[in-house]
Amino acid sequence: MSPIMQMMTATDNHAVAQAVHDVGSALWFGGTVMGVAGVNRSGSDLAQGIDRIRVAESAWSRFGPVQSYRTVATAKGVLRRLMPD
């Protein structure tokens, strides 16, 4: 075990797990709101339907890596908090 990990207490581990969970949850909520309020609604500014689809598809595909991170971060945070100290 690394010296840094040896210095961390159970409280520190809980705080780190909580922080990772909170970041994942914030990305989850923020991404959903951004999609509904930003991406999907911004399509109404475009004249042609196919352009609306292309803009929304491009935005969501760029957000894909963040979606993966938020899922992993939220799950890791929850699992770490459930582990006994």
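1. Burial. Of the 85 residues in this predicted model, 16% count as buried. Buried means under 20% relative accessible area, exposed means over 50%, and partly exposed lies in between (1.4 Å probe, protein chains only). The protein exposes about 6,200 Å², and carbon and sulfur atoms supply 66% of that area. Accessible areas come from the Shrake-Rupley method with a 1.4 Å probe; for residues, only the protein chains shown count as cover.

2. Ground rules. Local features need pLDDT of at least 70, side-chain atom pairs count only at pLDDT 80 or more, and totals for chains, interfaces and linings use all residues. Residues are numbered from 1 along each chain as its sequence is written, and side-chain values use heavy atoms, with hydrogens and water left out.

3. Confidence. The mean pLDDT of the protein is 76. The score is the predictor's confidence in each residue, from 0 to 100. At least 70 is reached by 84% of the residues. Helix α1 (residues 3–7) has the lowest confidence, with a mean of 56. Helix α3 has the highest, at 81.

4. Architecture. The protein has three helices and zero strands. From the N terminus, the order is α-α-α. Helices (H or I, at least four residues) and strands (E, at least two) are DSSP runs, numbered from the N terminus. Helix α2 covers residues 10–42, and helix α3 covers residues 49–82.

5. Contact range. Take the contacts with a separation of 6 or more: 71% of them join residues 24 or more positions apart. Contact here means heavy atoms within 4.5 Å.

6. Ala-19 is in helix α2. With a relative accessible area of 40%, Ala-19 is partly exposed. Its C-alpha is 7.6 Å from that of Gly-77, 58 residues apart along the chain. Met-83 lies in the segment after α3. Its relative accessibility is 47%, so Met-83 counts as partly exposed. Met-83 and His-14 are 69 residues apart in sequence, yet their C-alpha atoms are 9.7 Å apart in space.

7. Gly-35. This glycine belongs to helix α2. Gly-35 has a relative accessible area of 0% and is therefore buried. Not counting residues up to four places away in sequence, Gly-35 touches Asn-40 and Trp-60. Gly-35 and Phe-63 are 28 residues apart in sequence and 9.5 Å apart, C-alpha to C-alpha.

8. Arg-70. This residue deserves a check. Arg-70 sits in helix α3. Arg-70 is buried yet has no salt bridge. A salt bridge is a side-chain nitrogen of Lys or Arg within 4 Å of a carboxyl oxygen of Asp or Glu. The nearest side chain of opposite charge is Asp-22, 14 Å away. For charge, Lys and Arg count as positive and Asp and Glu as negative; His and the chain ends are not counted. What surrounds Arg-70? Leaving aside neighbours within four places in sequence, Arg-70 contacts Gly-24, Leu-27, Trp-28, Gly-31, Thr-32 and Phe-63.

9. Salt bridge. The whole structure holds one salt bridge. Asp-51 pairs with Arg-54, and the closest N and O atoms are 3.8 Å apart. Both residues lie in helix α3, three residues apart, about one turn of the helix. Asp-51 counts as partly exposed because its relative accessibility is 29%. Arg-54, at 53%, counts as exposed.

10. Nonpolar patch. Val-78, Leu-79 and Leu-82 form a nonpolar surface patch, with about 290 Å² of accessible area together. Patches are made of residues with over 30% relative accessible area and no salt bridge: like charges are joined within 9 Å, and nonpolar side chains (Val, Leu, Ile, Met, Phe, Trp, Tyr) within 5 Å. Val-78 is found in helix α3. At 32% relative accessibility, Val-78 counts as partly exposed.
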